[in-house]
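Here is a short report on one protein chain.

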Amino acid sequence: MTSQAAPPPLHDLTVVSLEQAVAAPFATRQLADLGARVIKVERPGSGDFARGYDEAVHGNSSYFVWLNRGKESITLDVKSPDGRAVLGELLDRADVLVQNLGPGAAERLGVDAASLARSHPRVIPCTVSGWGTSGPWADRKAYDLLVQCETGLLSITGTRDEMAKAGISVADIAAGMYAYSGILTALLRRATTGLVSAVEVSLFEALAEWMGAPAYYTRYGGRQPARVGAQHATIAPYGPYDTADGSLLLAVQNDREWHALCTVVLGDPAVATDPRFASNSARVAHRAELNELIGRTLKTVTTAAAATLLDEAGVANAGLNRIEEFLDHPVLAERERWHEVAVPGGVVAALRPPADLAGVEPVMGAVPALGEHTDAILRELGRSAADVADLHDRAVI
């Protein structure tokens, strides 16, 4: 008897998504990787505006390729009566609705949580907003960098002289991951109790959660962490150091590692008990002297030799990789993390989802062209070929 592979965990789940940009698409892509059918509703003609961010990946946007594999794309003018009717039929068959529409748009379309509770009580609504759907900023637009500013992230990122944004869309990513975990929790609750819970996540509150450590440090320590470039603001030594032929980063997390660094790498165990460096707080207070001391030693050896010494001491260290080096990282290669995914116009190497489930292969389906599945989905809903052609002619789809 030939054994058949088990279907992916979310194979019987249908998600309808009115999504743009990063946060909501990131959440739904996680669901698609686990086998959910994700029907992405896009504007006729232009679609998700993230499609136009760049043309780096076979003519496609790097953001869009990253966020939208495994989904079906239907173009639909949801502001028209016919478009809203189709949307209602999609929701008739859906388990989850995800939307990150602009302020007030969900209510106007009748897909906010309160409206869905009346029209489609079994559907779990997930709303991704900028600042929350209530409160004084509910009607304000929110983009990732604005949220980085308002949470104080920029004030602790960069050098002493200049703030810097995070190099990736951290507010969007945080919100997308909380939306994803919130949806899974709501699905579990519905499966075990029959109760439907609406899920709401804001970019601001998601990133606010990630600001927990500096928030506590500031509120109860009396000052906020300093901007110290690539060094750690509240742990030392923890940062990059030059070597004879390059640089590397080392990180000391506890007293055992600090003593080992002094003994094995610096060759001077007495430094470990120097009052300026005997505790982490003391080392942070005397960071400049500490860095000068460590730097003098490491500049006399090659990067490879420094890494060997640090490994011998049990002190964590890393190369300061560029993106090209990350792409060729031996961990990703030897653990077979890269997987080919089809995109319009070609094939790309995509990373497997980071959470491995024993016995489960991620789906990692193709990235859809705009409206690629429109006709097929409408025929599935019972529209005739003539009906579909008429909707095309009237620019509803």
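## A glutamine in H6

Gln148 lies in helix H6, residues 144-150. Helices here are DSSP runs of H or I with at least four residues, strands are E runs of at least two, and both are numbered from the N terminus. Gln148 has 0% relative accessibility, so it counts as buried. Buried means under 20% relative accessible area, exposed means over 50%, and partly exposed is in between, with a 1.4 Å probe and protein chains only.

Gln148 touches Leu153, Leu154, Lys165, Ala166, Ile168, Val170 and Leu207, leaving aside residues up to four places away in sequence. Contact means heavy atoms within 4.5 Å.

## Basis of the model

This is a predicted model: local features need pLDDT of at least 70, side-chain atom pairs count only at pLDDT 80 or more, and totals for chains, interfaces and linings use all residues. Residues are numbered from 1 along each chain as its sequence is written, and side-chain values use heavy atoms, with hydrogens and water left out.

Ala113 is found in helix H5, residues 113-119. Its relative accessibility is 31%, so Ala113 counts as partly exposed. Ala113 touches Pro125 and Ala198, not counting residues up to four places away in sequence. Ala113 and Ala198 are 85 residues apart along the chain, yet their C-alpha atoms are separated by 6.3 Å.

## Nonpolar cores

The largest nonpolar core has 36 residues. Such a core is a set of buried Ala, Val, Leu, Ile, Met, Phe, Trp, Tyr and Cys residues joined through side-chain atoms within 4.5 Å. Val15, Val96 and Val128 have the most contacts inside this core. At least two residues each come from helices H1 (23-33), H7 (170-193) and H8 (203-210), and from strands E4 (96-99), E5 (124-129) and E6 (199-202). H7 gives the most, with nine residues.

Val128 touches Ala23, Ala24, Gln99, Asn100, Ala175, Ala179, Val201 and Leu203, again not counting residues up to four places away in sequence. Apart from this core lies another, of 25 residues, among them Ile74, Ala106, Ile377 and Ile397.

The axes of H7 and H8 come within 8 Å and cross at roughly 95 degrees. Axes are lines fitted to C-alpha atoms, for helices over the stretch in contact, and angles run from 0 to 180 degrees between N-to-C directions. H7 and H8 are therefore roughly perpendicular to each other. Angles under 35 degrees count as roughly parallel, over 145 as roughly antiparallel, 65 to 115 as roughly perpendicular and the rest as oblique. Val170, Ala171, Asp172, Ala174, Ala175 and Tyr178 of H7 meet Leu203, Ala206, Leu207, Glu209 and Trp210 of H8. By class, nine of these residues are nonpolar, none polar and two charged. Ala, Val, Leu, Ile, Met, Phe, Trp, Tyr, Cys and Pro count as nonpolar, Asp, Glu, Lys and Arg as charged, and the others, Gly among them, as polar.

The axes of H1 and H7 come within 7 Å and cross at roughly 45 degrees. That makes H1 oblique to H7. On the H1 side, Ala23, Phe26, Ala27, Gln30 and Leu31 make the contact. Their partners in H7 include Ile173, Met177, Ile183 and Leu184.

## H10 against H13

Helix H10 (residues 255-265) and helix H13 (residues 303-313) pack at about 135 degrees, with axes 9 Å apart. The two are therefore oblique to each other.
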